[in-house]
Amino acid sequence: MLVKDIMVREVATVSPLATIRDAMRIMKDKGLKSLAVDKRHPHDAFGIITYNNILKAIVAEEGDIDLLNVYDVCAKPALTISRELEIKHAAKLMVNFDIRRVLVTADNELVGIVTMSDIVGAIVEIADEIG
């Protein structure tokens, strides 16, 4: 099974210049735990911002979420994988790097996101079909 078979295709994104408050609002409104951070130019890397990044920044800045923008706290470059990769390789990367989600690209453009939950769900589905 390939990454493209299990990835979420509609990825919520945020500008790197948005405030942390803006990112939090998008995450809350969409019920998400992370956002992909857009590239600033065609040769830039994607980033990812998570609740964990945001909470660390809030603690460090003593709660002032309007002083920081997304670019200041996001993980960049985000780990990206090809949609043509087998999910076992995606899982191995995620375990080796201790991350819960990776961005999926095709021709250096964002096409999806895969989480550990997506991979576990696929494994359970495959196991159910076999057994």
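Modeller: Let us begin with a pair of side chains in this predicted model: glutamate 109 and lysine 39 meet in a salt bridge, with 3.7 Å from N to O. The two partners come from distant parts of the chain, since glutamate 109 belongs to strand 6 (residues 109-115) while lysine 39 sits in the loop between strand 2 and strand 3 (47-50), 70 residues apart.

Colleague: Why is the contact of glutamate 109 and lysine 39 called a salt bridge?

Modeller: The name requires a side-chain nitrogen of Lys or Arg within 4 Å of a carboxyl oxygen of Asp or Glu, and the N to O value for lysine 39 and glutamate 109 is 3.7 Å, so the pair meets the definition.

Colleague: What makes lysine 39 buried or exposed?

Modeller: Lysine 39 has a relative accessible area of 17%, and because buried means under 20%, lysine 39 is called buried. Glutamate 109, with 45%, falls between the limits of 20% and 50%, and therefore counts as partly exposed.

Colleague: How do you know which class lysine 33 belongs to?

Modeller: Its relative accessible area is 56%, and exposed means over 50%, so lysine 33 is exposed. Lysine 33 lies in the loop between helix 2 (20-30) and strand 2 (34-37), and, not counting residues up to four places away in sequence, it touches Met27, Ile49, Thr50, Tyr51 and Arg101.

Colleague: What makes aspartate 66 and arginine 21 a salt bridge?

Modeller: Their closest N and O atoms are 2.7 Å apart, and the limit is 4 Å, so the pair qualifies. Aspartate 66 is in the loop between helix 3 (51-60) and helix 4 (70-73), whereas arginine 21 is in helix 2, 45 residues apart. Both are partly exposed, aspartate 66 at 40% and arginine 21 at 34%.

Colleague: How many salt bridges are there in the whole structure, and which residues are linked in a network?

Modeller: A search of the whole structure finds seven salt bridges, and Lys4, Arg83 and Glu84 are linked in a network of them.

Colleague: Finally, why is the protein chain called as compact as a globular protein of its length?

Modeller: The chain has six helices and six strands. Its radius of gyration is 16 Å, close to the 14 Å that the globule rule gives for 131 residues, so the chain is described as being as compact as a globular protein of that length.

Methods: Residues numbered from 1 in each chain as written. Predicted model: local features only at pLDDT ≥ 70, side-chain atom pairs only at ≥ 80, totals over all residues. Heavy atoms only, no water. Helix = DSSP H or I, 4+ residues; strand = E, 2+ residues; numbered from the N terminus. Rg over C-alpha atoms; globule rule 2.2 N^0.38 Å. Buried < 20%, exposed > 50% of the residue type's maximum accessible area, 1.4 Å probe, protein only. Contact = heavy atoms within 4.5 Å.
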